[in-house]
Every structure is written in structure tokens, then in C-alpha cells.
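The exercises below ask the reader to work through one structure step by step. Each task sentence is followed by a solution.

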Amino acid sequence: MQNGTSIEANKTKLDIKTDIKPKKKSALFKYWDLYLLMIPGILFFLIYKYVPMWGIVIAFQDYSVFAGVAGSEWVGFKHFARMFQADEFYSIFSNTLLISLYKLFWGFPAPIIVALMLNEIRHMLYKRSVQTIIYMPHFLSWVIVGGIMINLLNPSTGIVNTFIQFLGFEPIYFIADDSWFRTVLVASDLWKSVGWGTILYLAALAGIDPQLYEAAKVDGANKWQQTWHITLPSLLPTIVILFILQMGNILEVGFEQVFILLNPLVYNVGDVFETYVYRVGVTQGQFSYTTAVGLFKSVIALIMVVLANKIAKKLGQNGLW
């Protein structure tokens with residue numbers, strides 16, 4: 001009887017195993033189409049993000065184009081020491097950090113506010129029209145946006161200065177005035193990116209259960225109370241994730257924007273890492289030194305992301321990992 005029972009038990013185990021194998025196989029290929037869609041994105045990051053990381057080694061060499069990476073002399077942290085000893089480095093670092101913080105302070109909450117406002121619009125035609133209008137600047141290149149800003153702020157023919165003169169004040173050369181240049185950078189970036197930034201928040205708002213608002217209305221909550229107790233807590237996970245990602249770009253101001261609007265009169269307030277690397281690395285051929293500067297930026301970005309992620313977790317929010 002015992003042998004018969006053990007044989008039946010073994011058969012049952014074999015049947016279970018044979019049932020599991022097809023399920024595992026089907027689970028592996030169940031979402032093959034989604035994995036196929038991932039291939040272009042994976043190839044993009046491999047080719048343009050991970051493979052070029054091999055070039056970081058030239059930050060520790062006196063790189064020569066003719067000798068190549070393998071034949072260039074290793075100098076250790078020589079270029080990093082030069083970077084911290086250069087007076088212009090600290091000016092560039094402060095310019096980059098200040099402009100980035102200004103953009104973060106004004107640019108990060110702006111899409112949230114716009115998304116909340118659009119979410120309250122009930123006239124769909126008007127809502128879609130506003131969305132289209134504020135999205136459009138995102139699809140314009142910085143060359144076009146820079147040209148628009150230069151024409152608008154022209155001290156003699158620009159509409160802004162025309163209005164200032166109409167009020168009885170002297171015209172201001174915004175692009176060449178070091179007290180206004182950072183404001184121009186932040187304002188133009190805000191105009192170009194706010195509309196596009198609302199997309200994620202509008203998607204998050206669309207996922208909120210309408211029954212929560214209905215229950216709040218029954219309890220007597222007004223619009224502000226509904227926003228404060230339902231909408232914002234529902235948006236908080238999205239806000240935290242995007243804020244952590246934004247901290248990784250704390251030293252990324254944007255090369256195209258600054259390069260187009262920058263001129264020698266505002267180098268003291270507008271010269272940032274991106275333009276400095278271009279000017280010293282590309283035009284002067286100091287590849288090793290500017291690679292060291294870029295590596296310094298990347299390390300700072302990594303530290304900021306890790307810190308922001310830890311702070312978010314300590315505050316009870318879900319981080320990136």
C-alpha cells in the first residue's frame with residue numbers, strides 16, 4: 001500500500017511538473033511584442049549612452065588624436081587638479097548651478113499648476129485648443145526660439161522695449177545685460193517646456209478615481225479642499241519621481257539655448273559647463289581636460305539622484321529603486 005501510495009504521489013508530482021513547464025514557456029513569450037518594441041530604445045542607449053562611456057578614460061590621459069586612446073600617456077588626476085585650480089571653473093560652476101536652480105524653482109512647479117488648471121476646464125474644445133497652443137513651443141528648435149527671443153527683446157525694434165518706451169522708460173538690452181540674461185534664459189525655457197511637461201501630470205490626473213471627488217462633494221468639500229486632499233496626494237508619486245530625475249540634471253542647463261543667446265558681454269553670468277566644454281574642448285582641442293569636466297558633472301548628478309532618492313524614501317514615498 002505504501003509503495004502504491006508513493007507511486008501515485010510521484011505521478012502527481014510529474015503531472016504538476018509537466019503542467020508547469022508549458023506555463024513557464026508561455027510566460028516567457030507572452031509579451032514578445034512588447035520586448036520587440038523595447039529593442040530600438042535598448043539599442044539607442046547602448047550605442048549613444050553606454051558605448052561612448054569608454055571615452056571617459058581620456059580624462060586620465062594626455063589624449064592625442066594621432067596616438068589614440070591606446071597610445072596616449074596616462075597622467076592620472078592631472079586634469080582634475082587643473083580643473084579645481086582654474087579660477088574660471090568656479091565661475092562656470094556657480095553660473096551653471098544658479099541657472100539650473102532658477103529653472104528648477106520656476107520650471108518644476110509650473111507644469112503641475114498648468115495641469116491642475118487644465119484639469120478643471122470642462123469645455124473640451126477650449127481645453128484641447130489651450131493644450132495645443134502651449135504644447136507647440138516644445139516642437140520648435142532652440143534656433144527658432146532664440147531668434148524669436150532676440151527679436152522680441154531687441155532694444156530698438158523689439159515689441160517688449162517698444163512697450164517699455166511707451167511707458168516712458170529707457171529701453172533695456174536684455175540679451176547683453178548681465179542683470180537680465182539669466183531671467184531671459186529661465187523665461188524662454190519656461191515658455192518652451194511647460195506645455196510639454198503637463199502631459200505626464202494630466203495622465204496622472206486622468207487616473208484618479210472620480211468616486212473620490214463624488215464622496216468629497218457629499219462630505220461638503222469645496223474645490224480647493226478636493227485639490228488639496230485628493231488631487232495633490234494622487235499626483236505626489238509622479239511629482240517625486242520626476243523631481244528625483246530632475247535632480248540628476250542639476251548641472252545640465254542646455255547647450256543649445258545658452259549657446260544661441262550667449263555673447264561675450266554676459267560671459268560672467270551666462271557661461272556654463274556646456275558652452276565652456278564646447279569652447280575649450282572642441283575649438284581648442286583640449287579633449288582630456290573637458291572630458292574631466294564632463295565626468296565631474298556626471299558624478300555630481302549621480303550623487304544628487306542617490307540623495308534625492310534616499311530623502312524621498314525617508315519621507316515615505318516610492319523612489320526610483
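A residue counts as buried when its relative accessible area is under 20%, as exposed when the value is over 50%, and as partly exposed in between. The structure shown is a predicted model.

**Exercise 1. Describe the setting of Gln-61, one of the residues in contact with Ser-72.**

Step 1. Gln-61 belongs to strand β1 (residues 61-62).

Step 2. Its relative accessibility is 0%, and Gln-61 therefore counts as buried.

Step 3. A polar atom of the Gln-61 side chain lies 2.9 Å from the backbone oxygen of Val-69.

Step 4. Apart from neighbours within four places in sequence, the residues in contact with Gln-61 are Val-69, Ser-72, Glu-73, Trp-74, Val-75, His-79 and Ser-288.

**Exercise 2. State which polar contacts the side chain of His-79 makes with Gln-61 and Asp-62.**

Step 1. His-79 is placed in helix α4. With a relative accessibility of 6%, His-79 counts as buried, because the cut-off is 20%.

Step 2. Consider Gln-61: its backbone oxygen lies 2.8 Å from a polar atom of the His-79 side chain.

Step 3. Consider Asp-62: the side chains of His-79 and Asp-62 are joined by a polar contact of 3.2 Å.

Step 4. Complete the list of contacts. Not counting residues up to four places away in sequence, His-79 touches Ala-59, Gln-61, Asp-62, Ser-288, Tyr-289 and Ala-292.

**Exercise 3. Classify the arrangement of helices α4 and α16 from the angle between their axes.**

Step 1. Recall the description required: two packed helices are described by the angle between their axes and the distance between the axes.

Step 2. Helix α4 (residues 78-85) and helix α16 (residues 287-314) have axes that cross at roughly 75° and come within 9 Å.

Step 3. Angles of 65 to 115 degrees count as roughly perpendicular, and α4 and α16 are therefore roughly perpendicular to each other.

Step 4. Identify the residues that meet. Helix α4 contributes His-79, Phe-80, Arg-82, Met-83 and Phe-84, while α16 contributes Ser-288, Tyr-289, Ala-292, Val-293, Leu-295 and Phe-296. The residues of this contact comprise 8 nonpolar, 2 polar and 1 charged.

**Exercise 4. Carry out the corresponding analysis for helices α8 and α10.**

Step 1. Helix α8 (residues 142-152) packs against helix α10 (residues 181-206) at an angle of about 125°, and their axes are 11 Å apart. This makes α8 oblique to α10.

Step 2. The handedness of the crossing of α8 and α10 is right-handed.

Step 3. From α8, the residues Trp-142, Val-145 and Met-149 meet Val-184, Ser-188, Asp-189, Trp-191 and Lys-192 of α10. By class, the residues of this contact are 5 nonpolar, 1 polar and 2 charged.

**Exercise 5. Compare the accessibility classes of Ser-100 and Glu-120.**

Step 1. Ser-100 lies in helix α5 (residues 87-107). Its relative accessibility is 7%, so Ser-100 counts as buried.

Step 2. Ser-100 is in contact with Asn-249, Ile-250, Leu-251 and Val-253, when neighbours within four places in sequence are left aside.

Step 3. Glu-120 is found in the loop between α6 (109-119) and α7 (124-135). Because its relative accessible area is 36%, Glu-120 is partly exposed.

Step 4. Conclude: Ser-100 is buried, whereas Glu-120 is partly exposed.

**Exercise 6. State how far the C-alpha atom of Glu-120 is from that of Lys-78.**

Step 1. Along the chain, Glu-120 and Lys-78 are 42 residues apart.

Technical notes
Residues are numbered from 1 along each chain as its sequence is written. This is a predicted model: local features need pLDDT of at least 70, side-chain atom pairs count only at pLDDT 80 or more; totals for chains, interfaces and linings use all residues. Side-chain values use heavy atoms; hydrogens and water are left out. Axes are lines fitted to C-alpha atoms, for helices over the stretch in contact, and angles run from 0 to 180 degrees between N-to-C directions. Helices (H or I, at least four residues) and strands (E, at least two) are DSSP runs, numbered from the N terminus. Angles under 35 degrees count as roughly parallel, over 145 as roughly antiparallel, 65 to 115 as roughly perpendicular and the rest as oblique. A crossing is left-handed if the near helix is turned anticlockwise from the far one by less than a right angle, and right-handed if clockwise. Contact means heavy atoms within 4.5 Å. Ala, Val, Leu, Ile, Met, Phe, Trp, Tyr, Cys and Pro count as nonpolar, Asp, Glu, Lys and Arg as charged, and the others, Gly among them, as polar. Buried means under 20% relative accessible area, exposed over 50%, partly exposed in between (1.4 Å probe, protein chains only). A polar contact is a pair of N or O atoms within 3.5 Å; within protein, one must be able to donate a hydrogen and the other to accept it, and residues adjacent in sequence count only if both atoms are side-chain atoms.
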